[in-house]
Amino acid sequence: MVETRRRFLAIGGGAAAASLALSIRPAAALMQDRGAVRATGQDMPGNVELPASPPEPGSSDSIGFAIVGLGGYALNQMMPRFEQAKGAHIAAIVSGNPDKLRRVGDAYGIPADARHSYETFGNIAGDDRIDAVYIALPSGLHAEWAIQAFAAGKHVLCEKPMALSSAECERMIAASRRADRKLMIAYRSHFEPHNMQAMELMAQDATGQLRLIRAENSYRMQPTTPAENWRVDRALAGGGPLEDLGIYSLQAALYLAGEMPESISASTFKPADDPRFAQIFAHVSSHWRFPSGAVAQIATSYDSAGINFAEARGTTGALTLKPATSYSGQKMTLESGGDRRELSPGDPSVQFAGQLDHFVDAIRNNTPIRTPGEMGLRDLRLMEAIYAAAATGRTVHLNPDGTMRG
Ligand code: NAD
């Protein structure tokens, strides 16, 4: 059974490659009216702790990254983790805010000629100090900036979600192939010990035959408007919580099940007269059926009390992760045959540097990427199926590569 399930989840193989060659399917209605978006300078996020002294310079064979977008995640999570990575360093920064460029550049010891505005980004093409670009911009800007980075001849590590439509993902993959440069999506849970052990346990049928997956990623967003916060602006955030948070549940459902869903039904909700949800959804909930007969319930919300949870229940036991995909503090329990064990396979904080090391290895040694662009594309196809199912109120049937049938 397990082999049958896992066969359906092969990424980047024939099915994905073949479907790329097909004509580009029109994006779901939600994705069509996003309007023009562009990268602009923003204030320094709150609570940023810059290094007291610049990190040691990278060794001569270390891979140099340009960081594009100096927001909360780049400054608080990823940039400090470069020191823990084995062969990666920050070689350049790109921001639309000159004050942030100066403060962050000084703190990280970035040379003045490696501090770029969005307008001078193209100059990185001739800069041998930069091998790769890490894109940490709002999600609606990922495709454009990844494609620009490929045009400059650089490898790309792109934040999740890969983009806001499968058509954008296809363009990014095509640009990566044209430039003969690597593309990886920064799905950090694939480098986090609890999630990695969960994948292994499920591949070994540790809960018997899989029957049910439930996963939820939610929190309650403070009052805000699209003008104040890109996360509620459809042009930059798509449908909202699904692309931002629900993607973790979507991913967990796939790597716990080890197979692609064959059908999806879904519903969305947005309250009236709430500026947070003028352009995006408040909740997105979907129900999946897998070829094995297992089902999944995936929920995400920007307007309910916080939860980060994934659970797989089989015929003989259950595997529960709560929190499942946070930055730290993962907890995992395996119930099996009347026995209940808490599993602590390692420190979750290794996930950040782990993905950098993995990408560096792929760049240097041409090793396969665990979270390639094809995986990001697959996930956008599933999100489009979820929105299409919710918009029509009908069950959407899927091909094995996640494209909608019929
Ligand atoms: P943020 O709002 O803190 O930062 C976004 C940054 O992008 C801004 O500071 C600014 O430097 C830049 N920017 C350029 N043009 C902009 C525009 N038009 N509007 C707003 N900002 C603009 O956001 P964040 O939380 O750092 O998220 C950035 C990316 O990282 C998103 O794609 C998000 O999904 C991803 N992310 C990933 C994780 C993870 O765990 N992997 C966690 C948080 C965010």
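Buried residues have under 20% relative accessible area, exposed ones over 50%, and partly exposed ones lie in between (1.4 Å probe, protein chains only).

## About the model

This is a predicted model, in which local features need pLDDT of at least 70 and side-chain atom pairs count only at pLDDT 80 or more, while totals for chains, interfaces and linings use all residues. Residues are numbered from 1 along each chain as its sequence is written, and side-chain values use heavy atoms, leaving out hydrogens and water.

Let's start with D273, which is exposed at a relative accessible area of 81%. D273 sits in the loop between β8 (263-269) and β9 (283-289); strands here are DSSP runs of E, at least two residues, and helices are runs of H or I, at least four, numbered from the N terminus. Although D273 is not a glycine, its phi is positive, at about 60°.

N366 also deserves a look: it is not a glycine, yet has a positive phi of about 60°. Its loop runs between α11 (350-365) and α12 (373-392), and its relative accessibility of 57% makes N366 exposed.

Helix α12 holds R381, which is buried with a relative accessible area of 5%. A polar atom of the R381 side chain lies 3.1 Å from the backbone oxygen of D401. A polar contact is a pair of N or O atoms within 3.5 Å; within protein, one must be able to donate a hydrogen and the other to accept it, and residues adjacent in sequence count only if both atoms are side-chain atoms.

## Cis peptide bonds

The bond from K160 to P161 is cis, with omega near -15°. P161 belongs to the loop between β5 (155-158) and α7.

Another cis peptide bond joins K322 to P323, with omega near -5°. Here the proline is in the loop between β12 (317-321) and β13 (332-336).

## How α6 meets α7

Helices α6 (residues 142-151) and α7 (residues 166-179) pack at about 10°, with axes 9 Å apart. Axes are lines fitted to C-alpha atoms, for helices over the stretch in contact, and angles run from 0 to 180 degrees between N-to-C directions.

From α6, the contact (heavy atoms within 4.5 Å) involves H142, A143, A146, I147 and F150, and from α7 E168, R171, M172, A175, S176 and A179. Seven of the contact residues are nonpolar, two polar and two charged.

Key
Ala, Val, Leu, Ile, Met, Phe, Trp, Tyr, Cys and Pro count as nonpolar, Asp, Glu, Lys and Arg as charged, and the others, Gly among them, as polar.
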